[in-house]
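I opened the notebook for a structure I had not seen before.

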Amino acid sequence: MCGIVGYIGSKNATPILVDALKKLEYRGYDSAGIAVFDGQDIVVRKAKGALKMLEERLAKDTVKGCSGIGHTRWATHGEPSDINAHPQINESGSIAVVHNGIIENYARLRAWLQSEGVVFRSQTDTEVVAHLINYFYEKDYDIFQAVLQALNKLEGSYALGVICKDYPDRIIACRKECPLVVGLGQNENFIASDIPALLEHTRDVYFLEQKEVAVLYADHVDLFTASGEKIVREPYHVDWDVSAAEKGGYAHFMLKEIHEQPKAFTDTMRPRLVKDAAGKNIDINFEEMQSFDSWKNAGRIVITACGTASYAGQVAKYAFEKFARIPVEVDIASEYRYRNPVSFPTDIFIVISQSGETADTLAAMRLAKAGGARIIAITNCVGSTIAREADDVVYTWAGPEIAVASTKAFTSQLMCLYLLALKCGKLRGTLSEKDYLHYLEEIEKIPSKAQEILDNQTDIQKLASQQFNKEKIFYIGRQFDSAISTECALKLKEVSYMHSESFPAGELKHGPIALVDKSTLVVAVATQHDLFDKIASNIVEVASRGATTMVITQDKTGYFNSCASTVISIPETDDALSSMLSIIPAQLFAYYCAIQRGNDPDKPRNLAKSVTVE
């Protein structure tokens, strides 16, 4: 989720681009750069690290010109570095590109372009775009047609800003899946990934639709379809205040990131699903994995992580054991590092960390690696310490997560783990081809089903307004639901400061039920159809002792209507995949309880986003 900006007009572009990037720095902060036409050439300045590193470079080496593009990067292909920072350019430096998104077929395009004699400098998927545009540009030297032809070759998601030395009077912008806004000024025009970057200059904008192309001049903007047909549209007037705009109109980053989960699911999943010529899913491909040979004969899987990431591991335990019939151990990293763990040469060792810098997880990984384990890292941050030191890295392409309490990073971790578990099951021959294809079809539907939950969140908001003063909240479930309940309880305690715990439902009678009274809310996660009668019995047990009860379920028959106080329905999916959906109502409930109690859900007390010290 990088941030891109562009300016064309009569003013010096550099300070405008840098100021706009400051408004978008929350979208990416591992590198930044600008490309400005100075009257003769396109001059590129970029720097690894926070935006201030670019500012320091520009202070020593100024660039002046009236048109340019800029970028703040959240790495997906290639570690953070000066060379991998955007803008990316063609070999002669006559075309510069900034990009938000993921080019899924970049490896094939790169190989083809190299066979045509193109020399690549970076590891990024974006450099492919610059060279591809140049390839078509050299056919007839029409930059607009070159961009259109390049777009026909690109697969994946993108928002692009393109400038060409031979056409200094224009910026070309286009989008597919990723947001892009065109700002309309007086004898100056702008592009940006998000509205905050534009509000200082204009409130009249075009929101580019799927596969639309905009050509910006200083005095006007033309809109086109992907086939080059002209579009006429009235601009939209933005009346948000700056604070709301930074959060995309949402009150808090946490709510914004909860709503970004369908896209995070898609970005993490789609590049890894292999389709046949008819568009049917036939396999899972982790291009970044060096080899899956060791998975076929592995004796067990060990997963270690902290906090939310460890709860993703708990869900994964059930997934791997179900799909691949392989034993799984899940260890809290802070415990693993201080005991004398037993390791075997046939172990698969998976570490999970959103930041890739979690101190205990890093120490546990190093301990396992010293013992001979092959390390598979799941992280959201390209170039992080864990990513660099692991043998294989699987990235969750969730984009930056600003709120301290993890939401979209967690569900993206689940998506990666489910895909790995399914792939493992296929390799080990424990999943039939029919079942494998069934799960692929079901998992591809998860983003749209997540969106359905988010489109109908009013009931959850209302429930929070009724229950935010409960003294105790217990989450219960069985199997996958028991695992996801741990994260449900954590979200609530993190942001609302309400006392919440999770228990396997079958353990209620072994102690926790002693705490149940009229001040208790018991939330049952019930998505495993063959265990509905068991969880219903648990609901009756706590209700008879005065508890208020809520069920999160994918049942559409009304099974729990007679025994639960409230039923929150989620779209139906395969029971084994349900955890990716059942967590979303719990996230929303936690958020709205925090709001009711007057808390800032983005910055819960005593907590930090990344725990980089012990």
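Which helices each supply at least two residues of the lining of the second largest pocket? I found helix 7 (253-259) and helix 8 (261-269). Helices (H or I, at least four residues) and strands (E, at least two) are DSSP runs, numbered from the N terminus.

I noted the source next. This is a predicted model, where local features need pLDDT of at least 70, side-chain atom pairs count only at pLDDT 80 or more, and totals for chains, interfaces and linings use all residues. Residues are numbered from 1 along each chain as its sequence is written, and side-chain values use heavy atoms, without hydrogens and water.

I stayed with the second largest pocket. Helix 8 gives the most to its lining, four residues. The lining has 24 residues, and nearest the centre I found Pro 179, Asp 194, Tyr 250, Lys 256 and Glu 260. A pocket here is an open set of points on a 1 Å grid over the protein atoms alone, where a 1.4 Å probe fits, with protein on both sides within 12 Å along at least five of seven lines; lining residues have an atom within 4 Å of a point.

Eight strands form an open sheet in the order 3-2-4-1-10-9-11-15, with antiparallel pairing. Strand 3 (42-48) and strand 15 (236-237) are at the edges with a single partner strand each, so one side of each has no neighbour in the sheet. Two strands pair if DSSP finds at least two bridges between them. I checked strand 9 (residues 181-184) and strand 10 (residues 189-192): four bridges join them. Val 181 has Ala 192 in strand 10 as its bridge partner.
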